[in-house]
Amino acid sequence: MKLTKIGKIVVSLVFVAVVLGIILIWRSRSNIRSIHKMESNEFYDLKIDYDKTGIGKIDDRIADIVRERQDNFIAIVEKSGSVATSKYNLVINGTNVSYKNIKSVHIISYAYTGGAHYTREDISLVYDEKDNKYLNFLDILVADGFNSLLPIIKKSLLEYSNLNNIVLNEEWVNDGTKYSDENYQNFYLDENGLVIVFPPYQVASWADGEIKIEISYDKLKGILKEEYLNNDSNTSIDTIIKPGSRDILQFKDKKLIAFTFDDGPNNSTTSRLLDGLDDYNAKVTFFVLGSRVNNNKEVLKRAYEEGNQIGSHTYNHLNLFLLNDEEILSEVNDTNAVVEDVIGIRPTLLRPPYGNVNDNIKLLSNMHIINWDVDTEDWKLKNRYLIRDKILEDAHDGAIVLLHDIYRESVEGALLAMAELEKQNYAFVTIEEMVQLRGVTLDYDTTYYNFIKGGN
Ligand code: ZN
């Protein structure tokens, strides 16, 4: 076949177009923003989750860090050559925050390679796009700024510990907050202020988890360099102050009932519940599964911001009686970490799956155990009217009601019951609000089933 001149041009153009197309597809594929990797074999589970920033220099650096963590982990697993009491595990998560010209990435890796618990490694990259350089902590402060900042940091830590029932050791706090590159390796700036992350062991015990404080820009004038202050921010909200908190004294003459919802969150059914709660001035408590958090982040955040309480129902809903200590610790700690990533604070309440708890689980978890005394059996009834009737039948002052917000019928049943209970002078409170109104101090030895007046 002989091609005309025009034919040759057409063929060449088509060829160029195909090549360009392939390049574009390849480029868009390599521009995929989210990195998700999961690997599982008989020896280990590995899970990597982070978003790229879109800045090549930072993304390459993150990729290097992640690869190094992964290689180290696999080297340890290969060296040991066998599985310990539980499978080896590596989880790497990255969070990105953009503020002004600053891109911050905080990478946390949790590795279980035997021993009592996970090891955690944190690294933060704070990059100024304007000057094309990484910033360290002192770079964002005026000369001598740290001396004025330190007392503010210590005060924030104290507030955090009071709010979260953590006892801080003064010596640990002094050592963990004095200036060193290592102590101030984990920080970032967002719209509201300067966030400093203290990983476990830096200022508190392992069980107390990481401590994250945010210092608002209005407190940082004359401390932070002018260019990093947010002049648009006229708020002085510290994120450690709970959102949605309300004046509970309005309920002092009411009967109290705590609705609790397990096994969520679920973007669809939990949202429907939140939409309905407003009608009854109701706040509730969610005992969430760590494994469900990442896929239902928005609704979890919303639930918390609207003043509901978030507790833990462990990561995988396993029967804790059948697990060894390491496995129990990871069920508890992984959930607390993933919830904290979304709402900024760590849960203090634990509802063990099936209500199964013993002294060892209490000791390991170091959380307050909240079970229930009104079992709606909603998962069995599967009918909003039957669920409503069951709640109305068993409701009493101080009750803790067990429901599951993953079922539409349970959510509707709860709201129908609230409409009736409201007429009977009930107020719908979180566990925390109930505890405050009943003047109870939660301890770590008791399993709580209700908060009847004068009980406990
Ligand atoms: Zn459950």
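Over how many bridges do strand E1 (residues 34-40) and strand E2 (residues 44-51) pair in the antiparallel sense? The count is 7 bridges; point 2 takes up the pair.

1. **Basis.** This is a predicted model; local features need pLDDT of at least 70 and side-chain atom pairs count only at pLDDT 80 or more, while totals for chains, interfaces and linings use all residues. Residues are numbered from 1 along each chain as its sequence is written, and side-chain values use heavy atoms, with hydrogens and water left out.

2. **The E1-E2 hairpin.** E1 and E2 form a hairpin, with 3 residues between them. Two strands pair if DSSP finds at least two bridges between them. Opposite His36 stands Asp49 in E2.

3. **Overall layout.** The chain has 13 helices and 18 strands. These are DSSP runs, numbered from the N terminus: helices are H or I with at least four residues, strands are E with at least two. The chain is divided into domain 1 (34-135), domain 2 (138-228) and domain 3 (248-448). Those bounds come from an automatic or database domain assignment. The C-alpha centres of domain 1 and domain 3 are 32 Å apart. Along the principal axes, the C-alpha atoms fill a box of roughly 90 × 70 × 55 Å.

4. Of the 456 residues in the chain, 49% are buried. Buried means under 20% relative accessible area, exposed over 50%, and partly exposed in between (1.4 Å probe, protein chains only). Contact means heavy atoms within 4.5 Å. Among contacts between residues at least 6 apart in sequence, 68% join residues at least 24 apart.

5. **The zinc site.** Asp263 (OD), His313 (NE2) and His317 (NE2) are the protein donors of the zinc ion, at 2.1 to 2.2 Å. Donors are N, O and S atoms within 2.8 Å of the metal (3.2 Å for Na, K and Ca); water is not among the atoms, so sites may look incomplete. The donor spacing in sequence is D-x49-H-x3-H. Asp263 and His317 link distant parts of the chain, 54 residues apart. Asp263 is in the loop between strand E10 (255-262) and helix H5 (267-277). His317 is in the loop between strand E12 (309-312) and helix H8 (325-343). Asp263 is buried, at 15% relative accessible area.

6. **A cis bond.** Pro265 is also in the loop between E10 and H5. A cis peptide bond joins Gly264 to Pro265, with omega about 0 degrees.

7. **Helix H7.** In H7 (residues 297-305), the buried residues are Val299, Leu300, Ala303 and Tyr304. They lie on the same side of H7, because they cover an arc of only 135 degrees around the axis. The arc is that of the directions from the helix axis to the C-beta atoms. These buried residues pack against H5, strand E11 (285-288), helix H6 (290-293), E12 and H8. Just after H7, Gly307 has a positive phi of about 95 degrees.

8. **The open sheet.** 3 strands, in the order E7-E8-E9, form an open sheet with antiparallel pairing. Its edge strands, E7 (187-189) and E9 (211-216), each pair on one side only. Strand E8 (residues 193-198) pairs with E9 over 6 bridges. Phe198 stands opposite Ile211 in E9.

9. **Two positive phi values.** Tyr201, in the loop between E8 and E9, has phi near 85 degrees. Tyr201 is partly exposed, at 46% relative accessible area. Lys382 has phi near 50 degrees and counts as exposed at 62% relative accessibility.
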